[in-house]
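Please keep the sequence and the structure in view while reading.

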Amino acid sequence: MKDDDTPFSHRLKLPAHMDSLHEFIQFMEQSARQLGIAEALIQKLTLVAEELLVNVVHYAYADTGEDGGIELQCGMADRQTFCMRISDKGKPFDPLSAEEPDLTRDIEDRPVGGLGVYLVRKLADHLDYQRENGANVVLFCKKVW
């Protein structure tokens, strides 16, 4: 599945600040409801959106001196697949390149981080990262039925 295959009918662009997170989440939830997504799945999509957006806020513009933005797009790739596209013009950051956490180790012995991206990977039916025209672009898609 390519990004071009998804008609993103809902778009929101806001500053890459934690203050924007609540508005992004409300927007995604409202978009999903308008597209007919079940509430139980919306709860999972909220976790995914929050993880991906917080990563952008914390990493995309860190130490750059820039005060950039994030664009969140939502739409249906087909009648059965809801997609979110998150893009920013910050420094290159591929959240999918992180190694999977070792879940067999005691929690005290594990390094901090990595569980959020692990969760995103496990919930996705399709997940992709691209660096396009100077932007980080993460595409997350989930079958809705």
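A salt bridge is a side-chain nitrogen of Lys or Arg within 4 Å of a carboxyl oxygen of Asp or Glu. The model discussed here is predicted.

**Packing of α1 and α2**

- Two packed helices are described by the angle between their axes and the distance between the axes.
- The crossing of α1 past α2 is right-handed.
- On the α1 side, the contact is made by Leu21, Phe24, Ile25, Met28, Glu29, Ala32 and Arg33.
- On the α2 side, these residues are met by Glu39, Ile42, Leu45, Thr46, Ala49, Glu50, Leu53 and Val54.
- The residues of this contact comprise 10 nonpolar, one polar and four charged.

**Leu53 in α2**

- Leu53 lies in helix α2 and counts as buried because its relative accessibility is 1%, where buried means under 20%.
- Leaving aside residues up to four places away in sequence, Leu53 touches Leu21, Phe24, Ile25, Ile70 and Ile86.
- Among these partners, Leu21, Phe24 and Ile25 belong to the α1 side of the helix contact.
- The C-alpha atoms of Leu53 and Glu71 are 9.7 Å apart in space, while the two residues are 18 apart in sequence.

**Salt bridges**

- Side chains of opposite charge can pair when their charged atoms come close.
- Glu39 and Arg33 form a salt bridge through their side chains, at 2.6 Å from N to O.
- Both residues also take part in the contact between α1 and α2, Arg33 from α1 and Glu39 from α2.
- Glu39 is partly exposed, at a relative accessible area of 40%, and Arg33 is partly exposed at 43%.
- A salt bridge also joins Arg85 and Glu132, whose closest N and O atoms are 3.3 Å apart.
- Arg85 lies in strand β3 and Glu132 in strand β4 (residues 126-132), so this pair ties together parts that are 47 residues apart in sequence.
- Arg85 counts as buried at 14% relative accessibility, whereas Glu132 counts as partly exposed at 29%.
- Asp125 and Lys142 provide another salt bridge, at 3.9 Å from N to O.
- This pair links distant parts of the chain, 17 residues apart: Asp125 is in the loop between α3 and β4, and Lys142 is in strand β5 (residues 135-143).
- Asp125 counts as partly exposed, with 46% relative accessibility, whereas Lys142 counts as buried, with 17%.

**The aromatic pair**

- Tyr59 and Phe93 form a stacked aromatic pair, with 4.9 Å from centre to centre and 25° between the planes.
- The pair counts as stacked because planes under 30 degrees apart are classed in that way.
- Tyr59 lies in helix α2 and Phe93 in the loop between β3 (81-88) and α3 (115-123), so the pair ties together parts that are 34 residues apart in sequence.
- Tyr59 is partly exposed, with a relative accessible area of 41%, and Phe93 also counts as partly exposed, at 30% relative accessibility.

Technical notes:
Residues are numbered from 1 along each chain as its sequence is written. This is a predicted model: local features need pLDDT of at least 70, side-chain atom pairs count only at pLDDT 80 or more; totals for chains, interfaces and linings use all residues. Side-chain values use heavy atoms; hydrogens and water are left out. A crossing is left-handed if the near helix is turned anticlockwise from the far one by less than a right angle, and right-handed if clockwise. Helices (H or I, at least four residues) and strands (E, at least two) are DSSP runs, numbered from the N terminus. Contact means heavy atoms within 4.5 Å. Ala, Val, Leu, Ile, Met, Phe, Trp, Tyr, Cys and Pro count as nonpolar, Asp, Glu, Lys and Arg as charged, and the others, Gly among them, as polar. Rings of Phe, Tyr and Trp (its six-membered ring) pair if their centres lie within 6.5 Å; planes under 30 degrees apart count as stacked, over 60 as edge-to-face and the rest as tilted. Buried means under 20% relative accessible area, exposed over 50%, partly exposed in between (1.4 Å probe, protein chains only).
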